[in-house]
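Hi,

Here is the structure I said I'd pass on.

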Amino acid sequence: MTSPWRPAATAQTLCDRSSLVWSIRKFFHDRGVIEVHTPVLGSRTVSDLHIDSIAVQSGFLQTSPEYFMKRLLAGGVPSCYQIGPVFRDGEVGAWHNPEFVMLEWYRIGFDSQRLRNEVMELVDLALGSDSYSTVTYQNLIGEEVGVDVFDASPNELLRVAESHGYSGIDDANETCDFLYSHAMESYDCPRFFVVDFPVGSAALSQITMSESGNVADRFELIVSQVELANGYNELQDPIELDRRISRDNRRRKNKSKSSISPDERLLAAMHHGLPQCSGVAVGLDRLISLALGFDDLNQVMTFPAGRA
């Protein structure tokens, strides 16, 4: 039996990919955003319940350059971006691979709205111009599923989720995640931002006030039903970050997942002073797949899972 030695992407696709990556680098160069490179192997990793890190003998393969880039910003580095490999365990599928390329950037002095504008400019550069809409997390689920996730009881959320095919456990967070995914896939708009997420999903974003009360100042960009970008008005308070890591670890324990030790170097950097900034991560393989007309990111990768 012949071993699959050939790359998954064609030579022409890889040439087209190279051209697109060059144009992205020029996009940031023209805006005075510097390129940086941080380690893919670190002593700490994220505590997010929904992200499974890959542990190795000397630490963790990084799921994102976020922690290292924030340490750079606290150390005086200006607005910056990075294009590089990241790793997440168990993610295999048409739009997932355990190793993929992430484009992540941070803009000092930007709020989340200003960063969304820049994200639109970048996506238009790659995919061509189009219109964008913005919908709140609450309204998206309300319009597509018919339940107010901020007011409904856990029992009602579970009942509605089950009516749409949910067969998971009775957990409010997981139920809402299902309803959000279902609503996102149903929403009839080719490019849209989701904003004003629940406080419990703030991760490393600030909390702000909206008409519905306190919400996470974060956004996601969905393009052709593909989650393309996730951005935050970044949390600057190390005490609050430490509290959220403890909360994440309680959730991880409930799911029989290993506890994650706080990144003391990141916390020290934030105590020193993280400048006000907004940051966003874009799945670069996904963006390139959409730009080249593919519906499977394996078609734009050299050696995805199964060939590496």
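Let's start with Arg 31, which lies over the face of Phe 27, 3.6 Å from the ring centre. A charge sits over a ring here if NZ of Lys or CZ of Arg is within 6 Å of the ring centre and within 35 degrees of the ring normal. Arg 116 does likewise with Phe 193, at 5.9 Å from the ring centre.

Before going on: this is a predicted model, where local features need pLDDT of at least 70, side-chain atom pairs count only at pLDDT 80 or more, and totals for chains, interfaces and linings use all residues. Residues are numbered from 1 along each chain as its sequence is written, and side-chain values use heavy atoms, leaving out hydrogens and water.

Back to Phe 27: together with Phe 28, Tyr 81 and Trp 105 it makes up one aromatic cluster. Rings of Phe, Tyr and Trp (its six-membered ring) pair if their centres lie within 6.5 Å; planes under 30 degrees apart are stacked, over 60 edge-to-face, and the rest tilted. The structure has 11 aromatic pairs. One of them, Tyr 187 with Phe 192, is edge-to-face, with 4.6 Å between centres and 65 degrees between planes.

Enjoy!
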